[in-house]
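Dear colleague,

I am handing over the structure below, and I would be glad if you could look through it with the notes that follow. They are arranged by topic, so that you can read them next to the coordinates.

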Amino acid sequence: MATLTADITEKLVYQRPDALADLYTHYCPGCTHGTAHRLVAEVLSELGMQEDAVLVASVGCSVFSYKYFDVDAAEAAHGRACAMATGVKRVNPDKIVFTYQGDGDLASIGLAETMHAAIRGENITVIFLNNAIYGMTGGQMAPTTLPGQHTTSSPFGRDIKLTGNPIHIAEILGSIPGTAYSVRRSMHDARHVIQAKKAIQTAFEAQQKGLGFSVVELLSSCPTNWKMTPNEALSWVRDNMVPTYPLGDYKVHEELQSKRGRGR
Amino acid sequence: MTKELLKGNVAIAEAAVRAGCEAYFGYPITPQTELLEHMSSRMIELGRTFLQAESEVAAINMVYGAAAAGARVMTSSSSPGISLMQEGISYIAGSEVPVVIVDVIRGGPGLGNIQPSQGDYNQVTKSAGHGDFHPIVLAPSTIQEAIDMMGLAFDLADKYRTLVFVVADGSLGQMMEPAELPPMQELRPRPTWSLTGKKDREQNLISSIYLGASLLEEFNRKLQAKLAIIEKNEVRYEAYELEDAEYVVVAFGTAARVAKTAVQTLRRQGIPVGLFRPISLWPFPEQQLTDLADNGRVKGFLVTEMNAGQMLHDVRLAVGRGLPVKFYGRMGGAIPMPEEIETQILNLINPAAQPETTPEGSNGYINR
């Protein structure tokens, strides 16, 4: 008697990485935080870092990221993640210490802590989500908001004469000698998501090699506060954010040169 | 061990090193900078962590991170720097990690000056950050006491998983006196709750967020219960010449040193006066003061501080309305002379006989 199963070999091609907790998240439908969490967790699991990793979570939409990453974690004050991560890393130099921060947290209130962590060449990894808006507080202008973009605190569109131009974090951090790796990637389609994952992997490898500060800026969507469908929001990333925030490598340490150029 | 001539800031730093301080993060500010400078060489020599942060805001968050990672950690600063640290201090209180902070108080408000002051009393004992908490606050009055307090501060921080302040003032930080340092202690192991990687166990989390009202109220109840235990167990004070005293001077830190000299002078004249010196400013030795007020012998209190009267209110609460509680303070970096306090004690004993006098060359004192 023939059995159907005899000729079938199962090949597992996709599963939840161990470093990602088995939970529903609180993120809005269509938000790219979920994708970014998945990518970071896959990298931690694939590089065997889960048991050595310490996450420093930030304040913003990702305030509960410590629930979703199954690693040791601390919850920092708003903007202070890079300072807190510095404290963790300096007394635990053999651990893999990373922050997960949005644009309000990192590029506004936490700019000094972020810049000085890079200036010191702090051997930590920063995952930076840029969605051009304050999400958790309901859609206010961020330093990354595009010129003319309407938010609840720039209701007439961001006026660069009054509030300046968008801040380019990957470029700024890439210009600092202490930075080993600074790149910008996008998450608006599958190809770019794959490139983003490779960059996240390189950033953690930079820390593992002790090369210094590593940061991956991820262009992300916020359908809720942009008042768009998820698909419209991804198109808006492609059509409006990518031209303002060019994808690319802004600093790649010489020991990482084989990893260069996957972002464009 | 023998006594050496030690500068206050350096003595405090070395005492912390010997108490097993594994990491120090700080930012230069007068009059505590020698503490940071001493750490910058000693901690590196010993292979421990020293880092000069870009600001006090960053320093306290580095301290928070290192404490979360389980290291015995401290920072030091002076008044304006403590103000900047308040955000981190509240987070540290809310996540119950052990941290020691030295505040070498200077004159305020604002930029003020770099002279000795006790103007941070309310800040460190009552409003060290947003939310309901008190750090343990220890106030030395000599360099030897400051040295001995550093080991105690770290032990209390660990025992209760709480913040401990050691508050000196600019004069204690800057002056030199003979003192003896303790032997070097081993570094203690990392606590089981700390962030060391989740190998062979569940995730450890250090956080001060409790989103639901009931969850946050439950946490606060737990925190208040712990603080109540600290209030019961950790009151410290010095009673000097109080056995037969009819008048009591209440003072802490440098002001208490000066007051002690005044008490000694008046005692030689046969005047029954003593000194009550709170050593723990929080928990405040309230019951001990109440007992003094109720002992049927004491007729009045004089509180003297290098501020406009901050501890005064705690003393008045403890003493109640039955006895006079007078206040004499100097502000802006001035230290009272023993003669000023003697005059104030005599005023307390016999208000009619002694006219209120302004100390020569000073118009900065305040009576209440």
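Please keep in mind throughout that this is a predicted model.

The largest cavity has a volume of about 60 Å³, and a search of the whole structure finds 3 cavities of 30 Å³ or more. Its lining consists of Ala93(B), Glu96(B), Phe133(B), His134(B), Pro135(B), Arg161(B), Thr162(B), Leu163(B), Leu223(B), Lys226(B) and Leu227(B). Sorted by class, the lining residues of this largest cavity are 6 nonpolar, 2 polar and 3 charged. Which element gives the most to that lining? It is helix α8 of chain B, residues 213-233, which contributes 3 residues.

The largest pocket is a separate entry in my notes, and about 300 Å³ of space lies in it. It is lined by 16 residues, of which Ser90(B), Gly94(B), His130(B), Ser208(B) and Leu216(B) are the closest to its centre. The elements that supply two or more residues to the lining of the largest pocket are α4 and α8 of chain B. By class, this pocket lining comprises 9 nonpolar, 6 polar and 1 charged residues.

Turning to the sheets, I would start with the one that draws on both chains. This open sheet has 8 strands in the order β7(A)-β5(A)-β6(A)-β4(A)-β3(A)-β1(A)-β2(A)-β9(B), and its pairing is mixed. Its edge strands, each pairing on one side only, are β7 (248-252) of chain A and β9 (205-206) of chain B. Within this sheet, strand β5 (residues 179-186) and strand β6 (residues 213-219) of chain A run parallel and are joined by 7 bridges; Thr179(A), for instance, has Phe213(A) in β6(A) as its bridge partner.

Two helices of chain A lie across these strands. Helix α1 (residues 33-46) of chain A lies across β1 (53-57), β3 (96-102), β4 (125-130) and β6 of chain A, and runs at about 170° to β3(A). Helix α10 (residues 230-244) of chain A, for its part, lies across β4, β5 and β6 of chain A, and runs at about 130° to β6(A).

Chain B has an open sheet of 7 strands, in the order β3-β2-β4-β5-β7-β6-β13, again with mixed pairing. Its edges are β3 (49-52) and β13 (280-282) of chain B, each of which pairs on one side only, and the twist from one strand to the next averages 20°. Strands β4 (residues 73-77) and β5 (residues 99-105) of chain B pair in the parallel sense over 4 bridges, with Val102(B) in β5(B) as the bridge partner of Ser76(B). Helix α4 (residues 79-95) of chain B packs on this sheet, where it touches β4, β5 and β7 (163-169) of chain B, and its direction makes about 160° with that of β5(B).

Lastly, the interface: how many residues of each chain take part in the contact between chain A and chain B? There are 33 residues of chain A in contact with 35 residues of chain B. The two chains bury about 2600 Å² between them, with 59% of that area on carbon and sulfur atoms. On the side of chain A, Glu51(A), Asp72(A) and Val91(A) supply 23% of the area buried against chain B, which is more than any other three residues.

With best regards

Definitions and conventions:
Residues numbered from 1 in each chain as written. Chains lettered and ligands numbered in written order. Predicted model: local features only at pLDDT ≥ 70, side-chain atom pairs only at ≥ 80, totals over all residues. Heavy atoms only, no water. 1 Å grid on protein atoms, 1.4 Å probe; cavity = no way out; pocket = protein on both sides within 12 Å on 5 of 7 lines; lining within 4 Å. Points joined across faces, edges and corners; volume = space filled by probe spheres on them. Nonpolar A, V, L, I, M, F, W, Y, C, P; charged D, E, K, R; others polar. Pairing = 2+ DSSP bridges. Contact = heavy atoms within 4.5 Å. Axes fitted to C-alpha atoms, helices over the stretch in contact; angles between N-to-C directions. Buried area = accessible area lost by both parts, 1.4 Å probe.
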